[in-house]
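Dear colleague,

Please find below the structure that I am handing over to you. My notes on it follow directly after.

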Amino acid sequence: MTDAKNLPTHIQIRGAKAHNLKNIDVDIPLNKITGIAGVSGSGKSSLALGVLYAEGSRRYLESLSTYTRRRMTEASRAQVDEVRYVPASLALHQRPGVPGIRSTFGTSTELLNSLRLMYSRLAKHRCPNGHYVEPSLAVAAEQELVCPECGEHFYGPGAEDLAFNSGGACPECEGTGVVRTVDESTLVPDESLTIDEGAVLPWQTLMWSLMKDIAREMGVRTDVPFCQLTKKEREIVFHGPAEKKHILYHNPNTGIAGEMDFTYFNATYTVENALSKVKDEKGMKRVEKFLHEGTCPCCKGTRLSDKARAPLLQGISLDKACEMTLSELIEWVAKVPSSLPEEMRSMAERIVESFNDTARRLVQLGLSYISLDRAASTLSTGERQRMQLARAVRNRTTGVLYVLDEPSIGLHPSNLEGLIGVMDDLIADGNTVVLVDHDIQVLSHADWIVELGPEAGAKGGNVIALGTVADVCANPDSRIGPFLQRTMEERRG
């Protein structure tokens, strides 16, 4: 479909067969909100993610240079005869990927960027001798500070110097807030076995088994149950020195024997050495069963170095501000400009405004109870999807197809208006929104409804109702129509 200016007004899908879709044809209006409804298993996600998002993202990637495409995952073609006029697509999945260990609510939402800037530009800074200098415009002007107590000249920290993923990281835990130590109880899980039988597990899985031969050269009996070893023998196994030994090595696979010099890796060091060389999740899985994870004793889990925790704003350090819930932090941030000298307030208000622009969206989406230091990996899938949604609005894109997979999941009914407002803002910026959802209040706000069914699995995959909310309410084949009708009546009443 095109208008008088020959500009497309709809995405045209012809012959969609992904998963259980029954060769369906459907048009999705551009620059509108389209809700895809139906019972669980009716084909909603197949249409939204398996066709619309798959084709939108694939075509965008194909438009990039060959050099760029080689460095990106190849997108597969959707099972559909034709899709026309589909914009570049972004999917906000119901189950976003689990973030890395250094990711927090503050970093994921970028609120921490604004907070670090506040502490860099507006805080009291500590001189190398432990005295504090009152806030001034000198830091923003990249000028030296002079301590009024001892006369020491120094520079205030930049925002990056307060980041736990760069200059402000705790040196002990490297900005993760946790330390991993070897759990000796895991090194020999079955003491009834001999070392020759594989009692020392790290030597079996992380290191050449010839460590058994070197241990024997160091005076450890390897042919008796581990529980019968003396205290001295056990000490050699767990903490023995890295001595070089000349041994006769016999390769059981080739049958070849030879004399070689090898350095002894005790069981504890074997794990520590493997941990230092971990490069990916697969490598970590081999090592983590031998480790105990605990809060870093140096930074107390704050991830920040002592220097990064030194600046004080309204009497508290950055790590203490990050411990507040978002709603508490918003109230605290609002008082920052008035706590500063007159000449600094204009700059402070601009930083606070940037913070509030991001924070307001997150509050609308029901995330006001989360603190900035909360590890992103501990957030629910619904919380992470709403973070993605807030970021999408903040980025102010245009001409993008946003595919939302049950964005209302886990959202309190009082925050549904915030979700609807965010979707309206995406449309106002010239984007298109397609959402899969079961929530009637959210679906009733859509400009267009595509209902699939009539049932799940093989009995689904057909378009049973299509059109505006009023059209679907009037369609006798619709399963969701009566619920939408009731909601519309309640709204009018």
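Just after helix H14, Gly430 adopts a positive phi of about 95 degrees. Helices (H or I, at least four residues) and strands (E, at least two) are DSSP runs, numbered from the N terminus.

This is a predicted model, in which local features need pLDDT of at least 70, side-chain atom pairs count only at pLDDT 80 or more, and totals for chains, interfaces and linings use all residues. Residues are numbered from 1 along each chain as its sequence is written, and side-chain values use heavy atoms, with hydrogens and water left out.

Among the buried residues of H14 are Leu416, Leu419, Ile420 and Met423; buried means under 20% relative accessible area, with a 1.4 Å probe and protein chains only. The buried residues of H14 pack against several elements, including strand S3 (33-37), helix H12 (345-364) and helix H13 (381-394).

Elsewhere, three strands form an open antiparallel sheet in the order S2-S1-S4. Strands S2 (24-29) and S4 (80-84) are at the edges with a single partner strand each, so one side of each has no neighbour in the sheet. S1 (residues 10-16) pairs with S2 over five bridges, where pairing requires that DSSP finds at least two bridges between two strands. Ile11 stands opposite Ile28 in S2.

Yours sincerely

Technical notes. Buried < 20%, exposed > 50% of the residue type's maximum accessible area, 1.4 Å probe, protein only. Contact = heavy atoms within 4.5 Å.
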